[in-house]
2 protein chains.
Amino acid sequence: MSEHWLERAHAALRAAGLRSGGGRELVLEELAAAGCLRSAQELERTLADQGKPVSRATVYRTLELLHELALVQRVDTGNGVAHFEPADHSGEHHHHTVCDRCGRVLTFADEELEAAIDRISDRLPFAVHRHDVVLRGACADCAGRA
Amino acid sequence: MSEHWLERAHAALRAAGLRSGGGRELVLEELAAAGCLRSAQELERTLADQGKPVSRATVYRTLELLHELALVQRVDTGNGVAHFEPADHSGEHHHHTVCDRCGRVLTFADEELEAAIDRISDRLPFAVHRHDVVLRGACADCAGRA
DNA sequence: GAGGAAATGATAACGAGGCGCATTCGCGCG
DNA sequence: CGCGCGAATGCGCCTCGTTATCATTTCCTC
């Protein structure tokens, strides 16, 4: 879905009357290529390592912009570092597990969980726009040698 | 349950061979009195306003200690600020809604959600120790005048 | 092309949180 | 009742992620 997301992102940015600068484009491509959770600094470093240095300010600005346009999902894994990933509009939705030992982040999807959350949002006096579920514990590798 | 929690906290701290200093005690009381989510700085400021200034280091150390002893639950509401609240050991478990407009945090509980998460932890190659569910959106007050 | 607005880059500022060390204080023991 | 050990506290400094500032460059439009 990467190319698809990239197209959608371009369209959304154009629709918002924004221009396509070099730095933003690189961040977009990198996000699309990664697909999974990436922190702002991982993005900055990866791009720098590829010989395409992008200013830190541009990376953060781009991520903030994409977040406002709902093109990326922001996930706070609880270490004080924000992570981002391309938002999936295909109806498929997934969440994350964070390993307390090695910090590894895995993804999972569960219809039952989604259904439960949907029902909750009907029941509460609260308009749920987004929901983040973060499970913390030990991943398969770390659980063995706890 | 506040007094109850306070007692339990005292017992746990004593059991760990720790002493009861003035600063820690104040943080404990404030947490118990608040009951709900509080950030480290809110605690620090509240105590200072009450004429009981506690060093920032002490507040953080106390919270870290309580977290290790599973006496407080740490919840990251996604603004880069960690929030804490007394852990409820009565089996009752609740989660939070965060309003994107006013930042208000409400709590809710849902058995179906808990059950879904339990089943997920059985299914995944991941030992789930804790889980945080944060719903973001607009609270009843803000939804009206969005 | 020329103009103007948006985008970018470099850097400083900011805020949460952690660390180290000197000092204080609680608590058990003689 | 004092003594002393070690935990607890406070203070200041530092790190690090993130955001704001501002001059400069770049991209669209006409």
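Which residues does A:L113 touch, not counting residues up to four places away in sequence? A:L113 touches A:H95, A:F108, A:V133, B:L113, B:A116, B:I117 and B:I120; contact means heavy atoms within 4.5 Å. This is a predicted model, where local features need pLDDT of at least 70, side-chain atom pairs count only at pLDDT 80 or more, and totals for chains, interfaces and linings use all residues. Residues are numbered from 1 along each chain as its sequence is written, chains are lettered from A and ligands numbered from 1 in the order written, and side-chain values use heavy atoms, without hydrogens or water.

**Nonpolar core**
- The largest nonpolar core has 24 residues, and A:L113 and B:L113 have the most contacts inside it.
- Such a core is a set of buried Ala, Val, Leu, Ile, Met, Phe, Trp, Tyr and Cys residues joined through side-chain atoms within 4.5 Å; buried means under 20% relative accessible area (1.4 Å probe, protein chains only).

- Of the 21 residues around DNA strand C, A:R19, A:R24, A:T58, B:Q41 and B:Y60 come nearest; a residue is near a strand if one of its heavy atoms lies within 4 Å of it.

- A polar side-chain atom of A:T58 lies 3.0 Å from a phosphate oxygen.
- A polar backbone atom of A:G23 is 3.2 Å from a phosphate oxygen.
- An N or O atom in the side chain of B:R19 is 3.1 Å from a base nitrogen.

Note on methods. A polar contact is a pair of N or O atoms within 3.5 Å; within protein, one must be able to donate a hydrogen and the other to accept it, and residues adjacent in sequence count only if both atoms are side-chain atoms. Buried means under 20% relative accessible area, exposed over 50%, partly exposed in between (1.4 Å probe, protein chains only).
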